[in-house]
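Let's take a walk through a protein model together. Have a look at the sequence and the 3D view first, then read on.

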Amino acid sequence: MKSITKKRMKAFLIDLAISTALTAGVEYFLRKKVKSEAVHVLVTPTIVMWSLEYGQLRRNGQTFGYKKMGLELESMEGSELTSGQIMKRMGYRDTVSFFDYLKSPKKFEGQDGAVLTHDRFSNTVVKEL
């Protein structure tokens, strides 16, 4: 595994920990209003994580985890990230990307870990600062 891929994994785990803590707080209030367990298990954590990630990436191209690990997400053309790129990246990463890895793990990492399959799909690249 390439060094940038390791940093990306650590950054994702940091972001996941923050999202989980926030989800626990949201769940406390939602449990009184929503009785469906499927909402609490599937919908709420996804919405919280995607909202946090979208807001942070849209604002400055980094999540808290990326900032701690010295990484930044950019468009391949070098321009500012668009809303569509961010949404495509998150959706692809959380659905199809897993199957891409199972299909061909050697092709999963590109440019020494700076471009994974969801980055290729959304036309983004992760750079070290």
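What follows is a short tour, from the overall build down to single side chains.

## Before we start

This is a predicted model, where local features need pLDDT of at least 70 and side-chain atom pairs count only at pLDDT 80 or more, while totals for chains, interfaces and linings use all residues. Residues are numbered from 1 along each chain as its sequence is written, and side-chain values use heavy atoms, with hydrogens and water left out.

## The overall build

The protein has seven helices and two strands. Here helices (H or I, at least four residues) and strands (E, at least two) are DSSP runs, numbered from the N terminus. Read from the N terminus on, the order is α-α-α-β-α-α-α-α-β. The radius of gyration is 15 Å, close to the 14 Å from the globule rule for 129 residues, so the protein is as compact as a globular protein of that length. (That radius is taken over C-alpha atoms, and the globule rule is 2.2 Å times the number of residues to the power 0.38.)

Along its principal axes, the C-alpha trace spans about 50 × 35 × 25 Å. How much of the protein is buried? Buried residues make up 35% of the 129 residues. Buried means under 20% relative accessible area, exposed means over 50%, and partly exposed is in between (1.4 Å probe, protein chains only).

Leucine 13 sits in helix H1, which covers residues 3–33. Its relative accessible area is 48%, so leucine 13 counts as partly exposed. Together with Met9, Phe12 and Leu16, Leu13 forms a nonpolar patch on the surface, with about 340 Å² of accessible area in total. Patches are built from residues with over 30% relative accessible area and no salt bridge; like charges are joined within 9 Å, and nonpolar side chains (Val, Leu, Ile, Met, Phe, Trp, Tyr) within 5 Å. The areas themselves come from the Shrake-Rupley method with a 1.4 Å probe, and for residues only the protein chains shown count as cover.

Now find valine 41 in helix H2 (residues 37–60). Valine 41 has a relative accessibility of 52%, so it counts as exposed. From its C-alpha atom to that of glutamine 62, 21 residues apart along the chain, the separation is 27 Å.

## Rings that pair up

How many aromatic pairs are there? The count comes to three. Rings of Phe, Tyr and Trp (its six-membered ring) pair if their centres lie within 6.5 Å; planes under 30 degrees apart are stacked, over 60 edge-to-face, and the rest tilted. Tyrosine 28 and phenylalanine 29 make an edge-to-face pair, at 5.1 Å centre to centre with 85° between the planes. Both are exposed, tyrosine 28 with a relative accessible area of 54% and phenylalanine 29 with 57%.

Tyrosine 92 and phenylalanine 121 are stacked, because their ring centres are 4.4 Å apart and their planes are at 20°. Tyrosine 92 lies in helix H4 (residues 83–94) and phenylalanine 121 in helix H7 (residues 117–122), so this pair ties together parts 29 residues apart in sequence. Tyrosine 92 is buried at 17%, whereas phenylalanine 121 is partly exposed at 43%. Lysine 88 also lies over the face of phenylalanine 121, at 5.1 Å from the ring centre. (For a charge to sit over a ring, NZ of Lys or CZ of Arg must be within 6 Å of the ring centre and within 35 degrees of the ring normal.)

## Charges that meet

Side chains of opposite charge can pair when their charged atoms come close. A salt bridge here is a side-chain nitrogen of Lys or Arg within 4 Å of a carboxyl oxygen of Asp or Glu. The whole structure has 10 salt bridges. One of them joins glutamate 37 and arginine 31, with the closest N and O atoms 3.2 Å apart. Glutamate 37 is partly exposed at 44%, and arginine 31 is partly exposed at 40%.

Aspartate 119 and arginine 89 make another salt bridge, with their closest N and O atoms 2.8 Å apart. Aspartate 119 belongs to helix H7 and arginine 89 to helix H4, so the pair ties together parts 30 residues apart in sequence. Are these two side chains buried or exposed? Aspartate 119 is buried at 0%, and arginine 89 is buried at 3%. Arginine 93 and aspartate 94 also meet in a salt bridge (3.0 Å, N to O). Finally, Arg8, Glu53, Arg89, Arg93, Asp94 and Asp119 are linked in a network of salt bridges.
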